[in-house]
Amino acid sequence: MKLYKEKIIQIPAVEAHEETRQVHIGMECDICHEQYDNTDEISRGYDTCVVSVSYSRGKDYGADGGRERITYFDICPVCFKHKLTPFLISLGAQPQEEDSSW
Ligand SMILES: [Zn+2]
């Protein structure tokens, strides 16, 4: 579940203008219900940690547009490693890993 919070933010394109808006600040894990604050994750420096469990389906008409529906779960890294991965392995799936550098 995505978490939102009202924050006063600067609108840079408009001189000295501030507004109160709902800002995405993190998520609550759909399994353990622990809250993860995206801003804390970013402030840790260069570390990255992203969990993505989703299913997307739709139509792509090229330059004429398209549509899709995405079904997803917000799952924390701990539950991904210790709950979801063992469950998927128990179903016969094998995890795949990929390294990248840039
Ligand atoms: Zn969790």
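These are my notebook entries on what I looked up in the predicted model of this protein.

I number residues from 1 along each chain as its sequence is written. Since the model is predicted, local features need pLDDT of at least 70 and side-chain atom pairs count only at pLDDT 80 or more, while totals for chains, interfaces and linings use all residues.

**Overall layout.** I looked up the secondary structure and found two helices and five strands. Helices (H or I, at least four residues) and strands (E, at least two) are DSSP runs, numbered from the N terminus. Along the sequence the pattern reads β-β-β-α-β-β-α.

I then looked up burial for the 102 residues of the protein, and buried residues make up 4% of them. I call a residue buried if 20 or more other C-beta atoms lie within 10 Å of its own, exposed if 12 or fewer, and partly exposed in between, with C-beta atoms placed from the backbone.

For contacts I require that the C-beta atoms of two residues, placed from the backbone, lie within 7 Å. Among the contacts with a separation of 6 or more, 36% join residues 24 or more positions apart.

**Met1.** Met1 counts as exposed because it has 11 other C-beta atoms within 10 Å. Beyond its neighbours within four places in sequence, Met1 is in contact with Met27, Glu28, Asp30 and Asp74. I also noted the C-alpha separation of Met1 and Asp30, which is 6.3 Å for two residues 29 apart along the chain.

**Met27.** I went on to Met27, one of the contacts of Met1. Met27 belongs to strand E2. Met27 has 18 C-beta neighbours inside 10 Å, so it counts as partly exposed. Its contacts, leaving aside neighbours within four places in sequence, are Met1, Lys2, Leu3, Tyr36 and Asp74. Met27 and Cys76 are 49 residues apart in sequence, and their C-alpha atoms are 8.5 Å apart.

**His33.** I checked the loop between strand E2 (17-28) and strand E3 (35-37), which holds His33. The phi of His33 is positive, about 65 degrees, although the residue is not a glycine. Most residues other than glycine have a negative phi. With 10 C-beta neighbours inside 10 Å, His33 is exposed.

**E4 and E5.** I looked at strand E4 (residues 53-60) and strand E5 (residues 66-73), which pair in the antiparallel sense over eight bridges. Pairing here needs at least two DSSP bridges between the strands. The two strands form a hairpin with five residues between them, and Gly62 in the turn has a positive phi of about 65 degrees. Across the pair, Arg57 stands opposite Arg69, and Gly58 stands opposite Glu68.

How many of the eight residues of E4 are buried? The count is zero, and E4 is hardly covered. For E5 the number buried among its eight residues is also zero, so E5 lies largely in the open.

**Val53.** I picked Val53, which lies in E4. Val53 is partly exposed, because 13 other C-beta atoms lie within 10 Å. Not counting residues up to four places away in sequence, Val53 touches Tyr72, Phe73 and Ile75. The C-alpha atoms of Val53 and Thr71 are 8.6 Å apart, and the two residues are 18 apart in sequence.

Where does H2 bend? The bend is about 35 degrees at Leu84, and Pro86 follows within four residues. I take the bend at a residue as the angle between axes fitted to the seven residues ending there and the seven starting there. After H2 comes Gly92, with a positive phi near 105 degrees.
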